[in-house]
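Okay everyone, thanks for coming. Let's have a look at this one together.

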Amino acid sequence: MILRDPVHGLVSFETDEENVVELLMDTPEVQRLRRVRQLGVTSLAFPGAEHTRFAHAVGAAHVMKLLLARLRAIQEEIPFWQQVTTDRARDALAAAFLHDVGHGPLSHLFEDAVPGTPHHEVWTERVVLDPGTGVHKCLSSLDPAMPERVAALVRGEHPLPYLAKAVSGTFDVDRCDYLLRDAHATGVRYGVYDLDWLLRSLRFAPAKENTAPALAIDGAKGLPAIEAFLLARLFMFQQVYLHKATRSAEWMIRAVLARASSRIMDGDRLPLTPRAIEHASHGENIALGDYLELDDAVLTVAMHAWEDAKDPVLADLSRRVRSRQLFKTLELFGEQASLSGREQAYEEARAIAVARGLDPDGYVGLDVATNTPFGGEPDPLLVVFAKGPPRHLSDVSFLLARLAGQVLSRVRLIFAPELREDITRAIAG
């Protein structure tokens, strides 16, 4: 199989071990990812961000292929039992390709908005392990034990730590692809870094006897590349993932889903509501088949139908989302962004909404978005030099030393445009 990819160019899966990607590609669960956008509603802020989780899955598998080639080029220095075999490579390719197969629609909105809904990592594991899915049948046809091994890899578990970290870690194939892909689709340059050189700079860290080694960066060659990679992630969060228009749209859709769930729980019948939302609203478990029926289009159609709901708030919010009448934001800084300050500002904004005759639950929100771009990992990526012991990245990079453990935080009030003047006057002075 040879594909053309806008990020990586020609992407091919042609060897026997790579054939697992082609086999998995035709399963219904993987094809569903074509109907789930990678960045959810980010296209409301960046018009080109229409790429899908399917494209990202292909990209992640391609990066894993490149990584496996690099590992094989340097693995003569470690014992055979620690090396990449055909079976291990096949498992790793499958895990990279399937790492997001359980992702819900509209990015993380569904799992955050409907109470009791498991996160996408849980659904991914269920897809891989459920005997009724096409993914499970495909993997078990190759090896009955393969689904269990692939599920463990997706969780970041493997006898060889460097393979586990390649699927889920500081420097994993997921991040390697989505930074480049999201930067390309949004038209920004913040997420661009030198993937080829970064892979070329990988080494095995020295390990104790009978212990599999971890991956490390060659300090003489790769330090600027790994710095650029980690800074790219920081900048993408600052400029794209936490963009005010995206966060506003996401909050509005969460409000729509929460409102719809509340109405269903109270006995209302909303047209075209997916079964998964109905069951979750009643506190019932969601069947895997019902969950897999969810995609961006299904939720969009449902929200369109809810524009005719009897609940005026649900109907109004649904109409605003479809017509991109996004709520405004007011970012809080300093004391106002503290726990007590943000709560006080939020309560003031809610009081203004009540005074204007608007339901504060539907028209005022407090959005707190945080991310730790680097640091805090239990097994941090190491740097090796020709002489001396391996060292942590933050010990050899003054840039990463400053970044380590720092939390990127954006605290914003979100509210209907008609409240903007009153809230800005009251909060911002």
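So, helix H3 is mostly covered: 16 of its 22 residues are buried, where buried means under 20% relative accessible area with a 1.4 Å probe, counting protein chains only. Helices here are DSSP runs of H or I with at least four residues, strands are E runs of at least two, and both are numbered from the N terminus.

Before I go on: this is a predicted model, so local features need pLDDT of at least 70, side-chain atom pairs count only at pLDDT 80 or more, and totals for chains, interfaces and linings use all residues. Residues are numbered from 1 along each chain as its sequence is written, and side-chain values use heavy atoms, leaving out hydrogens and water.

Three strands form an open sheet in the order S5-S9-S6, with antiparallel pairing; a pair needs at least two DSSP bridges between the strands. S5 (328–332) and S6 (364–371) are at the edges with a single partner strand each, so one side of each has no neighbour in the sheet. S6 and S9 (residues 408–415) are joined by eight bridges, and Ala369 sits opposite Arg410 in S9.

Last one: Leu139. Leaving aside residues up to four places away in sequence, Leu139 touches several residues, among them Val20, Leu24 and Met146, with contact meaning heavy atoms within 4.5 Å.

Definitions and conventions:
Buried means under 20% relative accessible area, exposed over 50%, partly exposed in between (1.4 Å probe, protein chains only).
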